[in-house]
Amino acid sequence: MIGYVTLGSNDLDKARSYYDALFGSIGAGRLMEFGENFTLYGTGWGSPGVAVCKPNNGEAATAGNGNMIAIVMDSRGKVDAMYRQALALGGSCEGPPGLRGDEGPQAFYGAYFRDPEGNKFCAFRTGPATA
């Protein structure tokens, strides 16, 4: 259902640098750019993406309270790696990697972080721990 989500940025060059490195670490990259106003990231045209842009109304971009983007991973190790990468790039912790709830077939393993402009993300894997 979701095609892409959009995050406002006050410094698009800084945001692009952050997301180039963060999303590049999971095999995603820039799919589309409209000059100095918009950049769409993703793994391909058939998958959801994340866009960063300057707000269309010309006002300052702010992070929404309660808004979050969740990015699915195929292993708990990749959740850990994305979290570490996000913080190394200047993001901040909103909840370190770990199991939320019980272990088992529908276990939720997630890590929460914010980008340098305050947008909240969760990297997660659903399913049992694997070797």
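Predicted model: local features only at pLDDT ≥ 70, side-chain atom pairs only at ≥ 80, totals over all residues.
1. Tyr19 and Phe23 make a stacked pair, at 5.0 Å centre to centre and 20° between the planes.

2. Both Tyr19 and Phe23 sit in helix H1 (residues 12–24), four residues apart, about one turn of the helix. Helices (H or I, at least four residues) and strands (E, at least two) are DSSP runs, numbered from the N terminus. Tyr19 counts as buried at 2% relative accessibility, and Phe23 does at 3%; buried means under 20% relative accessible area, exposed over 50%, partly exposed in between (1.4 Å probe, protein chains only).

3. Tyr19 also pairs with Tyr41, this time tilted, at 6.1 Å centre to centre and 50° between the planes. That pair links distant parts of the chain, with Tyr19 in helix H1 and Tyr41 in strand E3 (residues 38–42), 22 residues apart. Tyr41 is buried, at 1% relative accessible area. One aromatic cluster is formed by Tyr18, Tyr19, Phe23, Tyr41, Phe113 and Phe121.

4. Now to Gly110, in strand E7 (residues 108–114). Gly110 is buried, with a relative accessible area of 0%. Leaving aside residues up to four places away in sequence, its contacts (heavy atoms within 4.5 Å) include Val79, Pro96, Cys122 and Phe124.

5. A word on conventions: residues are numbered from 1 along each chain as its sequence is written, and side-chain values use heavy atoms, with hydrogens and water left out. Local features need pLDDT of at least 70, side-chain atom pairs count only at pLDDT 80 or more, and totals for chains, interfaces and linings use all residues.

Technical notes: Phe/Tyr/Trp six-rings, centres within 6.5 Å; stacked < 30°, edge-to-face > 60°.
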